[in-house]
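Please examine the sequence and the three-dimensional model shown here before reading on. The paragraphs after it lead through the fold step by step.

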Amino acid sequence: MSGRESSWALYPDFDKDAFGMDIFNQPEIWNLLNDKYVILALNPGKDVQTKPWINFHSDVGKGARRLRDVTKNSVLEGSYITDVYKNVFEKNSGKLKSFDSDEQRVQASLPILRNELELLHHPLIITLGSGVKSFVQKHLPDYESINTWHYSYIGRKSFPVSDVKYYEHWWQTLSEYGIPTPQKGYQEK
């Protein structure tokens, strides 16, 4: 596993938009890591790898903040977070739909992803979005997985997804699978 492509769902106790990376320098970090779940996205939106483990932590906007909020103080805290395609930087995942049929790209990525999953002792995969769900079903059928919305999902004009709707969807999906969820729902400020 490399801190360049992946990270852990660990966030400091700062204000709502802070993502400080010092948490990864603390000696007790090993006690906080969670190998039961892997949160799997499709690819990095941009190359933000200026510090180890910064992937999934660098966006202080609505996106990565939502990922922090659904994992912090839950059974998902400390889970491993990674992408199917490690070095394909594209913000618009719609442009990557053909990647699943690009056998060369799949065969280059699949062994790396399998190695990550094996190091974590066969965790439950939480897929972010239908493209990742399809990839896992097709290429990793020996892994259990559940699918939920990607943290950047904003819905449609006719069905905009507020933070409240987003968190409720995540927690409903997890509870249907028997994963404990927070007792109180998220309240928008």
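Predicted model: local features only at pLDDT ≥ 70, side-chain atom pairs only at ≥ 80, totals over all residues.

Residues are numbered from 1 along each chain as its sequence is written, and side-chain values use heavy atoms, with hydrogens and water left out.

Helices (H or I, at least four residues) and strands (E, at least two) are DSSP runs numbered from the N terminus, and two strands pair if DSSP finds at least two bridges between them. Five strands form an open sheet in the order E1-E3-E2-E4-E5, with mixed pairing. Strand E1 (7–8) and strand E5 (145–148) stand at the edges with a single partner strand each, so one side of each is left without a neighbour in the sheet. Strands of a sheet pair through backbone hydrogen bonds, either parallel or antiparallel.

Strand E2 (residues 34–41) pairs with strand E3 (residues 79–83) in the parallel sense over five bridges, and here Leu-40 stands opposite Thr-82 in E3. E2 also pairs in the parallel sense with E4, over four bridges; in this pairing Val-38 faces Ile-125 of E4. E4 and E5 run parallel and are joined by four bridges, with Ile-125 opposite Ser-145 in E5. From E4 the chain crosses through H4 to E5 in a right-handed β-α-β crossover (with the strands pointing away from the viewer, the path from the first strand over the helix to the second runs clockwise).

How many residues of E4 are buried? Five of its five residues are buried, where buried means under 20% relative accessible area, exposed over 50%, and partly exposed in between (1.4 Å probe, protein chains only). Leu-124, Ile-126 and Leu-128 cover one face, and Ile-125 and Thr-127 the other.

Helix H3 (residues 103–119) lies across E2, E3 and strand E4 (124–128), at about 175° to E3; axes are lines fitted to C-alpha atoms, for helices over the stretch in contact, and angles run from 0 to 180 degrees between N-to-C directions. Within H3, Ser-109 is buried at 9% relative accessible area. Beyond its neighbours within four places in sequence, Ser-109 contacts Val-84 and Tyr-85 (heavy atoms within 4.5 Å).

Two loop residues complete the picture. Asn-73, in the loop between helix H2 (62–71) and E3, has a positive phi of about 60° although it is not a glycine, and is exposed at 66%. His-121, in the loop between H3 and E4, has a positive phi near 65° and is exposed at 61%.
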